[in-house]
Amino acid sequence: MILGGDGYCGWATALHLSNRGYEVAIVDNMCRRTFDDQLGFNSLTPIKGIHERVRVWEEVSGKRIQLYVGDICDYEFLSAAFQAFEPTACVHFGEQRSAPYSMMDRSRAVFTQTNNVMGTINVCYAIKEFAPECHLIKLGTMGEYGTPNIDIEEGYITIEHNGRTDTLPYPKQGNSFYHLSKCHDSANMLMCTKTWKMRTTDLNQGVVYGVATPETMMDDRLVNRLDYDAVFGTALNRFAIQAAVGHPMTVYGKGGQTRGFLNITDTCKCIQIACDNPAPPGEMKIYNQFTEQFSVNELAALITEAGQKLGLDPQVINVPNPRTEMEEHYYNAKHSKLQDLGLEPNLMKESILESLLTTVVKYKDNVDQRLILPGVNWTESASVGKTIAK
Ligand code: NAD
Ligand code: USQ
């Protein structure tokens, strides 16, 4: 069962698993599409509605994906979906996932934490009540750890203090109401795992980039979403699209911010690995799900090099940083557990960047350049709603 299966990671993963013979159901309330409608945003790629997507997938692959349209915060709906599908694994992507969206104003901060934290608590109860053996695979984020001045471990750290030693959850320092919603989810999940002997895996994913997967390329109507606006667009994807339309790449502040990254094809592979290796009852496994780390300046340099080879002329602009975050810092995060379980990473080589750039050039006429510069400032987040367009 893929919660959030109409979204960027969820759609690619649903097709990946379905293509490999897993019986898949998508659960989604389409709120991501509503955010676009409310704010005047659009995916660069022309995505089809979820009903058509699932129909086309059956036509192309012969495989059926079941669909449950509803809100996981509505426990009655979620219970019915659980009882109808009887999942053995539940992959939870179904949250509001933009840090800038969560910092727009008070009501969006509250929505983000209510939607995310309440949804995850409901999922834990649905598993306890209707599918106690079901393995919960929950998407967390590398941003839960923040940017500490020490190495980041995979979930847990062993600390010696006043002569005693314990292995504890790694300290969390979320840097937006969104990232903090994931910290709260992790704490809630850990308690449920121990108390109800649930099987859970928390995947602290880095920033995902790319758009094509083998399955989405099987038919134009299966194309995945690709966000480029300053609220939902993420660093590398935005830089590729900015280069394609001749907009300077928007490096925030000094550009030394360093994060973990992974290709969308690796997101799918990691989820499959997690599904195939369920956690034992009562133990929450935590993996850092990314394959390489880069600073924002390094990303801009990579796109500059790849873009020039395709005849583009990528430029950089240092935009005043709208976020409150460190722009120069130590960053060394462990990420070996998924590779130990068999992940063969699809690293950011020239061919991958060229294929991403070629795809975005194909759709570049869909770009509304007014949506590129950031409009959400962390320090200016107001209690009065910033409702609708800028
Ligand atoms: P997305 O917004 O494209 O997809 C999320 C989907 O969940 C949407 O289709 C949305 O409609 C659905 N959803 C949200 N709240 C729901 C609810 N209450 N009930 C039912 N459906 C709901 O996001 P994404 O980029 O695919 O991210 C998926 C998950 O992975 C998120 O939890 C995100 O925090 C995490 N993640 C994403 C990235 C990234 O770079 N995209 C990186 C790290 C972690
Ligand atoms: N950045 C720029 N220019 C841009 C966009 C971003 O310099 O045009 C910088 C940001 O300031 C930040 C870094 O790039 O330092 C990453 O920002 P992002 O927007 O690419 O990613 P982020 O806000 O961290 O969120 C994304 C997803 C989120 C996921 C997270 C993984 O939206 O769902 O949880 O990546 S992580 O960053 O590891 O926490």
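**Close-up 1. Tyr178 and ligand 2.** In this predicted model, an N or O atom in the side chain of Tyr178 sits 2.6 Å from an oxygen atom of ligand 2. That pair counts as a polar contact (N or O atoms within 3.5 Å). On its own, ligand 2 exposes 730 Å², and the protein buries 95% of that (areas by the Shrake-Rupley method with a 1.4 Å probe).

**Close-up 2. The shell around ligand 2.** There are 23 residues around ligand 2, and Thr141, Tyr178, Ala235, Thr250 and Glu325 come nearest (a residue is in if one of its heavy atoms lies within 4 Å). Sorted by class, the shell has nine nonpolar, nine polar and five charged residues; Asp, Glu, Lys and Arg are the charged ones, Ala, Val, Leu, Ile, Met, Phe, Trp, Tyr, Cys and Pro the nonpolar ones, and the others, Gly among them, are polar.

**Close-up 3. Lys138 in strand 5.** Lys138 belongs to strand 5, residues 135-141 (a strand is a DSSP run of E, at least two residues, numbered from the N terminus). Lys138 counts as buried because its relative accessibility is 0% (buried means under 20%, with a 1.4 Å probe and protein chains only). Leaving out residues up to four places away in sequence, Lys138 touches several residues, including His92, Glu95, Asp185 and Asp202 (heavy atoms within 4.5 Å).

**Notes.** Residues are numbered from 1 along each chain as its sequence is written, and ligands are numbered from 1 in the order written. Local features need pLDDT of at least 70, side-chain atom pairs count only at pLDDT 80 or more, and side-chain values use heavy atoms, without hydrogens and water.

How values were computed: Helix = DSSP H or I, 4+ residues; strand = E, 2+ residues; numbered from the N terminus. Buried < 20%, exposed > 50% of the residue type's maximum accessible area, 1.4 Å probe, protein only. Polar contact = N/O pair within 3.5 Å; in protein donor to acceptor, adjacent residues only side chain to side chain.
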